[in-house]
Amino acid sequence: AQDYVKMWQDLGINLENHDCLLKALADIYQQIYLSQKNRPEGMKYFDFVISEAHGLRIKELLEAKKQGKKVIGTFCVYVPEEMILAVNGICVGLCAGAQIGFDEAEKVLPKNTCDLIKAFIGFKLTQVCPYTESCDLLVGETTCDGKKKAYEILDKLTRKVYVMEVPHRKTEASKELFLKELFSLKDRLEELSGVKISVESLKEGIKIVNEKRKALMRLENLRAYDPAPISGLDALLINQIAFYDDPVRFTQKVNELCDELEERIKKGIGVKPKGTPRIFITGCPFALPNWKLHHIIETSGAVVVGEESCVGRRYYHTLVPENFSSVEDGIKLLAERYLKTHCACFTPNAERIEDIKNMAKDLKAQGVIYYSIQFCTPYLFEAYQVEKEINLPFLKIDTNYSMEDVGQLKTRCEAFIETL
Ligand code: BJ8
């Protein structure tokens, strides 16, 4: 680990803050993840990736940078990773899921800001994230008001932010606007990397990301079995790692794990007994290391079988066609694909409700838990319509990253699960 210290120092990491973070993480991981029973063997790789999240992976990024590759950070699943790969870049998701640097963050952000935003600003202000520090460019987007305004501040702090406009409607005009934005992003990425996107490189980027999404979809489908072959916590972890691991290696490891899960299903092996109540979660994203709700549910006698979330289905929902003959056509296909993501920042957003219904049915869920991060207006508002249209027992959870309400949430989840 000694050479990591030097690496972190060179990146400008605040070693004292960073040490506290790593220690806290190791403890929580032990307590939440490693204490689970009947985990698949294939989870060993993902445990390893987590243990080396600030070590080996950062080393890989820095080595790639030495060879001229650019590292590009993103905060939202509307930013096309395929285009980043097409300029030979590396894409890393930077949303943050821990209460770090909140005192600092609250000096620059309103108190009533969602914790996801407070966390990425807090991570920056306390200099604890080697990913943020490794990035050559941070791509923000105009989704919710909080993020939009936070990127202005993040740019003051880093001078590296580029914001792409994401429309809020699904009209023809909005589609045109989004397409134009992807062309502008292409220019920015080409300028940064010195690499022009070609039909071949775009196809290659699309292929890599398609394979990753297919593997994640395969994993989701396997969660439909009873007994569930994998815990919701482990599936969540894999979905979180999808945002920063090497995509080709990651895909291979997810597929290997899925092979194992298929074997388990054949033999009737599960993480919990057959007949364990099955919970489906919908709502805000779960940025790493936000494991709170899954942990509460899975220690309350249920198993989480799926997530309609950006760390979940909204990330891997649709593939991009791989046969096109110009860069322009390829980008058009990307724009179409990305606008099939149904985030609550859009209005109207009825497709999201359809997605939730279909997923809950496919995954044989018995109850839906609606998760929103406190002060997240878009998802809090949509809860009303989702509840009205879902014909399943429904529990709404409005929480934040603190551990203060864990006892209360556990009581509510237990009571809910008992009724299923
Ligand atoms: S596509 S969900 S990743 S915008 S939780 S910061 S919405 S106040 S994260 Fe998101 Fe893209 Fe949509 Fe997905 Fe704002 Fe809500 Fe906070 Fe949120």
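Tutor: Let's begin with a rule: two strands pair if DSSP finds at least two bridges between them. Keep it in mind as we look at this predicted model.

Student: Gladly! What makes β5 and β6 a pair?

Tutor: Five bridges join strand β5 (residues 278–283) to β6. The rule asks for at least two, so the two strands count as paired. They run parallel, and one of the bridges links Thr282 to its partner Glu308 in β6.

Student: Which helix does the chain pass through on its way from β5 to β6, and what is the hand of the crossover?

Tutor: The path goes through helix α14 (residues 292–298), and this β-α-β crossover is right-handed. The term applies because, with the strands pointing away from the viewer, the path from the first strand over the helix to the second runs clockwise.

Student: How do you know whether strand β6 is enclosed or open?

Tutor: A residue is buried when its relative accessible area is under 20%. Six of the six residues of β6 (residues 303–308) are buried, so the strand is largely enclosed by the rest of the structure. Across the protein, 57% of the 420 residues count as buried.

Student: Now the sheet with β1 in it. What is its strand order?

Tutor: The order is β2-β1-β3-β4, in an open sheet of four strands with parallel pairing. β2 (90–93) and β4 (161–164) have a single partner strand each, so they stand at the edges, with one side of each left without a neighbour in the sheet. From one strand to the next, the twist averages 30 degrees.

Student: Which strands does helix α10 touch?

Tutor: Helix α10 (residues 172–193) packs on the sheet and touches β1, β3 and β4, its direction making about 160 degrees with that of β4. Helix α9 (residues 145–158) lies across β3 and β4, and runs at about 160 degrees to β3.

Methods. Residues numbered from 1 in each chain as written. Predicted model: local features only at pLDDT ≥ 70, side-chain atom pairs only at ≥ 80, totals over all residues. Heavy atoms only, no water. Axes fitted to C-alpha atoms, helices over the stretch in contact; angles between N-to-C directions. Contact = heavy atoms within 4.5 Å. Buried < 20%, exposed > 50% of the residue type's maximum accessible area, 1.4 Å probe, protein only.
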